[in-house]
Amino acid sequence: MNDIDAWVWWLVGAAALGIPLVVTAMPEFGMFAVGAVAAAVAAGLGFGTVAQVLVFVVVSVALIAVVRPIAARHSAQRPQLATGVDALKGKQAVVLERVDGTGGRIKLAGEVWSARALDTDRTYDVGEEVDVVEIEGATAIVI
């Protein structure tokens, strides 16, 4: 084992850290793997064991401290482009059949939808424009 250079061991460690990264999808393992690669570079440049460990720790901690909050912020953001029924919320529609708290029909985005009023006491007559506030299954909730 003494015949193998330290940088090779660091690369083996980086590869070993890549396995749980793939299996668990925890990006922290990837950051530790990058730290191990940085330590392998330090070993290849002739730095001692203490310096290699310090490089590993500093690079790993720096990546976790910097990259992790940025990644968390990006994953928390909603997509900018609404698709599917989310894209229909807030749209205007035209009443085709009287809409009240029990039902009716509207024309929304060129298609006929079943609809009901959000306020059960309110009715909308044919030809009125309504706003879609929610989609429940195949029914648009309108105001």
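Me: How far apart do the end C-alpha atoms of residues 53–71 lie?
Reply: The structure is a predicted model, and the value is computed from its atoms. The span of residues 53–71 is 100% helix and 0% strand. UniProt, in an unreviewed entry, places the feature "transmembrane region" at residues 6–23 and 53–71. The end C-alpha atoms of residues 53–71 are separated by 26 Å.

Me: What is the distance between the end C-alpha atoms of residues 6–23?
Reply: This span, too, is named in the UniProt record as "transmembrane region". Residues 6–23 are 100% helix and 0% strand. Their end C-alpha atoms lie at a distance of 27 Å.

Me: What length from first to last C-alpha does helix H1 reach?
Reply: Helix H1 covers residues 6–24 and has 19 residues. At 1.5 Å a residue, a span of 27 Å is expected.

Me: Within what arc do the buried residues of H1 fall, seen down its axis?
Reply: The buried residues of H1 are Trp10, Ala14 and Gly18. Seen down the helix axis, they line one face of H1, because they fall within an arc of 95°.

Me: Against which helices do the buried residues of H1 pack?
Reply: On the other side of H1, Ile19 and Val23 are exposed. The buried residues, in contrast, are Trp10, Ala14 and Gly18. These buried residues pack against helix H2 (27–44) and helix H3 (49–76).

Me: Which residue of E2 stands opposite Glu97?
Reply: Strand E1 (residues 92–97) pairs with strand E4 (residues 129–136) in the antiparallel sense over 3 bridges, and the bridge partner of Val94 in E4 is Glu129. E1 also pairs with strand E2 (residues 105–108), again in the antiparallel sense, over 3 bridges. In E2, the residue opposite Glu97 is Arg105.

Me: Does Asp100 count as buried or exposed?
Reply: Asp100 lies in the loop between E1 and E2. Its relative accessibility is 18%, and a residue counts as buried under 20%. Asp100 is therefore classed as buried.

Key. Residues numbered from 1 in each chain as written. Predicted model: local features only at pLDDT ≥ 70, side-chain atom pairs only at ≥ 80, totals over all residues. Heavy atoms only, no water. Pairing = 2+ DSSP bridges. Helix = DSSP H or I, 4+ residues; strand = E, 2+ residues; numbered from the N terminus. Buried < 20%, exposed > 50% of the residue type's maximum accessible area, 1.4 Å probe, protein only. UniProt positions renumbered as here; feature names shortened; annotations may be inferred. Expected span 1.5 Å × (residues − 1). Arc of directions from axis to C-beta. Contact = heavy atoms within 4.5 Å.
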